[in-house]
Amino acid sequence: MLRTENLTYVYEDGTVALNNINIDMNKGNRIGIIGANGCGKSTLFLNIIGILKPKKGSVLYEDEKIQYNKKFLREFRQKVSIVFQDPDKQIFYSNVYDDVAFALRNLDFPEDIVKERVEQALRKTGAYEFKEKPVHFLSYGQKKRVAMAGVLAMNSDIILLDEPTAGLDPLMTKSVTEIIHKLSADGKKIVISSHNMDSIYDICDYVYVLSKGKVVGEGSVEEVFTKEELLNEAGLNQPWLVKLHKNLNVPLFKNEESFYKYWREQYGNSGSRS
Amino acid sequence: MLRTENLTYVYEDGTVALNNINIDMNKGNRIGIIGANGCGKSTLFLNIIGILKPKKGSVLYEDEKIQYNKKFLREFRQKVSIVFQDPDKQIFYSNVYDDVAFALRNLDFPEDIVKERVEQALRKTGAYEFKEKPVHFLSYGQKKRVAMAGVLAMNSDIILLDEPTAGLDPLMTKSVTEIIHKLSADGKKIVISSHNMDSIYDICDYVYVLSKGKVVGEGSVEEVFTKEELLNEAGLNQPWLVKLHKNLNVPLFKNEESFYKYWREQYGNSGSRS
Amino acid sequence: MRDYRFNLGIFLFLLLLTVGVAGIPLKKYIKLLCIPIAFLIISLITILISCSPKRELFLWALPLSKNYIGITREGIITCRHVFFRAMACVASTYFMALTIPMNQLIVVFKRFRLPKVFIELLILIYRFIFIFLEECKEIHTAQEMRFGYNNRKNSYKSLSLLIRSLFVRVMQKHEELIISLESKLYDGEFKM
Amino acid sequence: MRKEKFKLAAAFALMAIITPSTVQAMHIMEGFLPAKWCIFWAIVTIPFLVMGIKNLNKIFKEQPDKKILIALAGGFVFVLSALKIPSVTGSCSHPTGVGLGAILFGPTVMSVLGIIVLLFQSLLLAHGGLTTLGANTFSMAIVGPLVSYAIFKLLKKNNVKTSTCVFFAAALGDLATYVVTATQLSIAFPATSGGIGASLVKFLGIFAVTQIPLAIAEGLLTTVVYNLLLDY
C-alpha cells in the first residue's frame, strides 16, 4: 500500500539526511521506525507525506509514485495522515472543537458530518471531557489528545505518529498506547517513530532501525530487538523484557503480564509479596 | 541545608498548586521528586528557587527563611541553581562559549576566571568538543549539554534538574545520567524532578512522591518504589527492576548488572545467548 | 451631562456582579484596577491644573511670573465626571473580559460581519499569544536564574536576547506550522 | 510664597517618581474619552484598516501561508508589549514593538495587527480599552508605524547606517505616538483658558517625563534586537 523505494534526501547544505531508504508498510500492521535523535526519522516522515521531495528514489502509494502537485497530495493526505510530536505546533484554534474540525472543513464536509466525526474523534482520544476548555488551559497530555483527535477526524487509512509517547508520564503513555491499539484494531495502519524502546516493543509488530539516515536493520520486533549489537550501534537499547530473555534464558514475551504468568507456572511463585 | 516547611502555593485563580509541602534536601545526596504531569513538580521547583513566592510556609536555606529581595536572591541563587527541561529556552547566544559564560559575566567575574570556569563546565558535560559550533547546528542532546554547562559554570552547591532525561534517546540518557553521577561524586547536591521512573531509580537515593500538589510518599528509592499502590495512585509505575523483585521474588537490585550477576551466581546461567 | 452618582452606581453594581456573582477574587480585581490607575491619576491632574493670567478663574492658585497656575471649579467637575465615567467603563470591560470566554467573544465578532481575514487573524493571534507568553516566561526565568536581570546593564542585554530568542522561535514555529497546515489540507482559509 | 513654590516643586517631583513605575506606553484608558471623541477616532481609523485588510487580502491570495506568519507577528508584538523594559527614569515601562513590526512587515499590515493586539491588550492585560480602541489604534497602530516606516525608508535612502536607521525609526515612531495621544487628550479636554493649545502643552509636558526616555530606550532596544536578528 505505502512504501519507499531507494529514497534519498539531501539537505540544502549538501548533508545526506536519508540514504537509499527502502521501507515497506505492508510488512506489519504497526510499523516502528526506531533510531537515535537526529537519525532521520522525522525527515523520513516528511518525505513520506510529500512535504519534502526526495532527491532520488520515491514514495509509492498503491504501487504508484506519489506526485508533487496539489491535487494529488490533497487526495493522498486524506489517506495518509500524520500526528507530530509537539501538540503546540499543530493546534491552530484555541477552541478544541474548531481545531479538530479544521481538516474536515478544509475538505468542505457538511457541518453535520463534521460534527459527527469530530465528536467521534474526541471520544476516541478521550478528549471529549475537556472539549469546552480553551486550549491554553490544557495540560501537555490533553493537548496531545486534541492533536491526535484532529488527525483521527480525517479518518485516513494510514496514520504516522512522530514520537507519540515523548514527554508523557506513565499513565498518559499507557492511555496513548491504548488509543493506538484501538486504532489498529479498527483496521488502521500505524507507523510510529520513536526512541522509546519499551513503547515500540509494546506497540509494534514490525520494526525498521534507522541510523545516520540509513536502514541498518529490519524485521519483526522479536527479531530486531534480540540483536543487541545492532541496537547499540544505532544508539538504542533493548526493551527490558528482551534483556531478561537474553540474560535469564527465558522465552521472549511481548508483554510483562504473559511473562509473569509464565514465571508463576514455571516456578510456582504466586508473586503475592506485599 | 535546603528544605521547605509547610509550603503552600496558590495560583491566581485560586487553584491550590502545592499543599503543605515538607521536603528536606538533607535526606539524600540525589533527591528525586516524582509525579505525573501537572502534579506540581515544576511549580515546586520555582518556589524553591524563589521565582514564585509561597502563600503559606517557606523555603529554608541553612535554616534561614529565604527572603524575596534582590540581594538575598542573588546570593542564594549562586548556591542553588536549576537546569530547565527545554534547552532551547535557556540558551540565549548562538555561540556556545558566550552562553555558558552568561551567568558569570552577569556577576562581573574577571574574564580569566570566566574562561577557566567555562572550559571546566564544557568539559564536565562533554560539550567541549563542539564548543565552536553555532548553537542552531547542535542536536537536541548537544544543546542539553550546553544548557547544563551554563548552569554548572556557576559552581553552585545544589543543582535542581527539571526532567533531565526527557526527550533524550537511550544513549544520551545514559550520558546525562553519567554527568549527574559525576556531579554527585564531586559533592554537589542533586535534586531531580521526573516522571521517568527508570531514570530516577537509577540516579536517586531518596525520593518524594508528589500527587495533586501533595507529598503522598517519601523514603529511600527502595522503600518508595516497592509501594506499588502508592505509585499507581500517583499515576506512576514501578521501575522494571522493582517489578521483577516483586513478581519473581528476587532481591531488589539498584541496577541491571548486579541483578544479572546475582542471577548467574544463583542459576549458573552464563547468559551468553546470541 | 449624567450625574456622576449614576456612574458610581454602575461601577459598584458591576464590581459586585463580577466579584460576588461571577466569583472573581477581589484581590485579582483590585490588581487589575491598579493597571490604568497611573494613567488616570496623571491625566486627571493634567486636566485639573490650569494656567491663566486671570486670577478670578481659580478656586486656588499660585502666581507664576505673570500667570497663575491652579485649580478651577470646572476642572474639578470635569475630573469628577471623567473619573467616575472611566471607572464605570472599566468595570463593564472587566466584567466582560473576566466572565465571557474569548472564544465566545470571537463568535460574537464574527456575527458583526467583520472581514473574514480579521476574524481569522483574531483566532490565530489569540492562540499564538499564549504559546509565546509561556515561552517568554520560561526564557525570562532561565535568564533570571543566571543573573540576567540583576542590574540595568544586564537587564538590557537579557531583554534583547529574550526578544531575539522569541523571534527565532517565531520563525521556527512558522516553518513547523506550515508543515502541519499542509498535512491538515489547509486551503487558504481558517474556517469556524 | 516660597513655601507654595516648594509645594509645587515637590508635587512635580513626586509625580516624576510615581509615573514611570506604572505607565504602560500611552494607552488611553477605558472610558477616559467622551463618547463623541471615541466615535470620531474610530471613524478616522476605518480607512486605514480597510486599506490594511485590502493589502492583507492581496498578500494572502498570492501566499496563503503568509497568514500564519502575520498572525505569529501579531502574537510576537503582543508578547513584546507585555514585557517590561527598564526605563532610564525609573523602574520599568513596556516596549511597543510597533517600530520593529513596521520595519519588518510594513505600516499597513501593522494597522490591522495593531488593532487586534490593542483589542487583546484591553481584554487580557487591562491596558487601554474598548471605547478608546479607535483613538489608541490611531496613535499606536497607524501614526506610529507610518512614522517609523517613513523614517526608516528615508534614512536608508540616504545611506545612513542600518542600526542608526532602526534607532531613529523606533524612537521617533514612539515619540509620534506620544504626540498624537497628547493631542487626542487635549482636544477632548481643552483647557478652561487657552483651549486646546494650552491643554496640549500640559499633556505633552507631563507625559514627556516618561515618554522621551522611553522612546530612547525603545530605540536602543529595537536596534540591539535588529542587530541580533541580522546575526541570526
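## Exercises on a predicted model

At 32% relative accessibility, A:Asn69 counts as partly exposed, a class between buried (under 20% relative accessible area) and exposed (over 50%), found with a 1.4 Å probe and protein chains only. This is a predicted model, in which local features need pLDDT of at least 70. Residues are numbered from 1 along each chain as its sequence is written, and chains are lettered from A.

**Exercise 1.** Find where A:Asn69 lies and its C-alpha separation from A:Gly50.

Step 1. A:Asn69 belongs to the loop between β5 (64–65) and α2 (70–79) of chain A; helices (H or I, at least four residues) and strands (E, at least two) are DSSP runs, numbered from the N terminus.

Step 2. A:Gly50 is 19 residues apart from A:Asn69 along the chain, and 9.6 Å separate their C-alpha atoms.

**Exercise 2.** State the domains of chain C and the separation of their centres.

Step 1. Chain C has domain 1 (4–99) and domain 2 (105–183), with bounds from an automatic or database domain assignment.

Step 2. Taken over C-alpha atoms, the centres of domain 1 and domain 2 of chain C are separated by 34 Å.

Notes:
Predicted model: local features only at pLDDT ≥ 70, side-chain atom pairs only at ≥ 80, totals over all residues. Heavy atoms only, no water.
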